[in-house]
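Biologist: Before we start, could you show me the model, and then take me through how its features are read, one at a time?

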Amino acid sequence: MATAIYPGSFDPPTLGHLDIIRRSAAIFNELVVCVMHNGAKGQSLFTCRERAQLLESITADIPNVRIETQGGLLADYVKNYEEPVVIRGLRAVTDFEYEFQMAAINKKLNCKMETMFMVASDKYTFLSSSVVRELGKYGREMSCFVPKAVEEAVHKKLSGELCKSAPA
Ligand code: ADP
């Protein structure tokens with residue numbers, strides 16, 4: 001099969017994302033993981049470059065995965081591909097409404113773009129980047145949720161934050 005594109009914020013990448021990456025890379029010839037920086041989610045913990053570096057390090061053993069960073073609209077970016085297939089992960093019904101709307105809008109913007117949904121593995125259905133950021137704030141161990149390199153990066157990034165937010 002052709003190239004697939006897996007877009008997201010990945011702030012930070014989790015084991016849930018990595019699971020989708022491995023499963024998609026096993027189906028498609030090439031998987032482009034695209035770190036989107038369109039500001040829709042407000043202030044991020046990691047810069048776009050840092051998120052891309054983390055993804056590069058945790059996918060280093062998957063030869064047909066490439067990491068890119070991209071601003072702007074996904075529907076415009078995928079015009080670089082002849083038959084763009086976009087992968088999105090579905091964890092629960094709560095993801096569905098938003099994803100369904102985005103897929104429909106993207107189809108209107110670019111009729112060549114197909115969105116395919118991959119159901120999250122049951123052990124990761126509860127897992128999100130925001131849960132990881134919250135655990136990181138309190139210096140908690142998170143090896144069940146993120147690869148080691150990501151855990152270290154989160155703790156390093158947030159190590160000064162607790163002191164700053166502690167009551168006087
Ligand atoms: P976005 O800001 O585009 O939602 P995310 O980084 O939060 O970016 O997620 C990227 C994609 O990965 C989305 O399709 C999301 O539903 C999916 N995803 C996030 N966490 C998981 C998980 N634990 N298991 C499977 N898919 C997930």
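Biologist: Which residue forms a salt bridge with R88, and how far apart are the closest N and O atoms?

Modeller: A salt bridge here is a side-chain nitrogen of Lys or Arg within 4 Å of a carboxyl oxygen of Asp or Glu. R88 forms one with E99, and their closest N and O atoms are 2.8 Å apart. The pair links distant parts of the chain, 11 residues apart, since R88 belongs to strand β4 (residues 85-90) and E99 to helix α4 (residues 93-109). Helices (H or I, at least four residues) and strands (E, at least two) are DSSP runs, numbered from the N terminus. This is a predicted model, in which local features need pLDDT of at least 70 and side-chain atom pairs count only at pLDDT 80 or more, while totals for chains, interfaces and linings use all residues. Residues are numbered from 1 along each chain as its sequence is written, and side-chain values use heavy atoms, with hydrogens and water left out.

Biologist: Is E99 buried or exposed?

Modeller: Buried means under 20% relative accessible area, exposed means over 50%, and partly exposed lies in between (1.4 Å probe, protein chains only). E99 counts as buried because its relative accessibility is 6%, whereas R88, at 21%, counts as partly exposed.

Biologist: How many salt bridges does the structure hold?

Modeller: There are 13 salt bridges in the structure. Among them, K79 and D76 meet through their side chains at 3.3 Å, N to O; K79 is exposed, with a relative accessible area of 52%, and D76 is partly exposed at 43%. E114 and K107 form a salt bridge whose closest N and O atoms are 3.0 Å apart, with E114 partly exposed at 41% and K107 partly exposed at 32%.

Biologist: At what angle do helix α5 and helix α6 pack?

Modeller: For such a pair, axes are lines fitted to C-alpha atoms, for helices over the stretch in contact, and angles run from 0 to 180 degrees between N-to-C directions. Helix α5 (residues 129-137) and helix α6 (residues 148-158) pack at about 55 degrees, and their axes are 9 Å apart. That angle makes α5 oblique to α6, because angles under 35 degrees count as roughly parallel, over 145 as roughly antiparallel, 65 to 115 as roughly perpendicular and the rest as oblique. The contact, which means heavy atoms within 4.5 Å, is made by V132, R133, G136 and K137 of α5 together with V154, H155 and L158 of α6.

Biologist: Where is the cis peptide bond that involves P12?

Modeller: In a cis peptide bond, the angle to look at is omega, and for the bond from D11 to P12 omega is near 0 degrees. P12 lies in the loop between β1 (3-8) and α1 (15-25). F10 has its place in the loop between β1 and α1, and its phi is near 50 degrees, a positive value in a residue other than glycine. F10 counts as buried, at 2% relative accessibility.

Biologist: Which residues is T3 in contact with, leaving aside its neighbours within four places in sequence?

Modeller: T3, which lies in strand β1, is in contact with F28, E30, V32, Y81, E83 and V85 once neighbours within four places in sequence are left aside. The C-alpha atoms of T3 and V65 are separated by 9.9 Å, and the two residues are 62 residues apart along the chain.
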